[in-house]
Amino acid sequence: EKDLTLALARRVKVALQSRMAATVVLTRDSGVALTSEARVEVASANQSNLFVSLHNGYSPEKTASGSSIYIMKADFTGGTPEPPGGRLFLPWYMAYRLSASNSQALAMQLQKDLNQALPGWKFPIRQAPIGVLPSATMPAVAIEIGNLNNDVSVKTMTDPEFQTKLAA
């Protein structure tokens, strides 16, 4: 999983740099494991405008495609109400609230682009308490590319042509 995800992340980095002249920082560019908080910390320290976390999942259901775009679950903090006039300080696990609407817009644009680039490979938008998203202060999504327990999904994800289309 980590090797395939890193290979895809490197392709996305090259595509963004060449097509958009974007500065892209990978939170992981080797086999070194980072916690979810450390990944967001890298993005924050580099004053990132977006945070996109790539994943390849493993579903016990062999027929599941496993593809999804995740945004932070809106009521993750238990529906903690905002005090009148807003907050002066947000706990780290509520930072996602600062850019929730932009995260939703990013997810919708990615869904449109991915569904167009990869016909037949659907990316539904889901809300979940994905570990890497709560502390992101910038628009943030997690993209689950496929299911490593699905033979067709694995064959497709390891195909260089698919990887190029995904990155583009």
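Analyst: A residue is called exposed when its relative accessible area is over 50%, buried when under 20%, and partly exposed in between, using a 1.4 Å probe and protein chains only. By this criterion Q47 is exposed, because its relative accessibility is 69%. The model is predicted, so local features require pLDDT of at least 70 and side-chain atom pairs pLDDT 80 or more, while totals for chains, interfaces and linings use all residues. Residues are numbered from 1 along each chain as its sequence is written, and side-chain values use heavy atoms, without hydrogens and water.

Helices (H or I, at least four residues) and strands (E, at least two) are DSSP runs numbered from the N terminus. Q47 lies in the loop between α2 and β1 (51–57) and, although not a glycine, has a positive phi of about 50 degrees. A21, in the loop between α1 (2–20) and α2 (36–45), has a positive phi near 55 degrees. A21 counts as exposed because its relative accessibility is 66%. Most residues other than glycine have a negative phi.

A nonpolar core is a set of buried Ala, Val, Leu, Ile, Met, Phe, Trp, Tyr and Cys residues joined through side-chain atoms within 4.5 Å. The largest one has 20 residues, of which F123, I145 and L166 touch the most other members. At least two of its residues come from each of α1, β2 (68–72), α3 (100–117), β4 (140–147) and α5 (160–167). Leaving aside residues up to four places away in sequence, the contacts of I145 include L8, L54, W121, F123, F162 and L166, a contact being heavy atoms within 4.5 Å.
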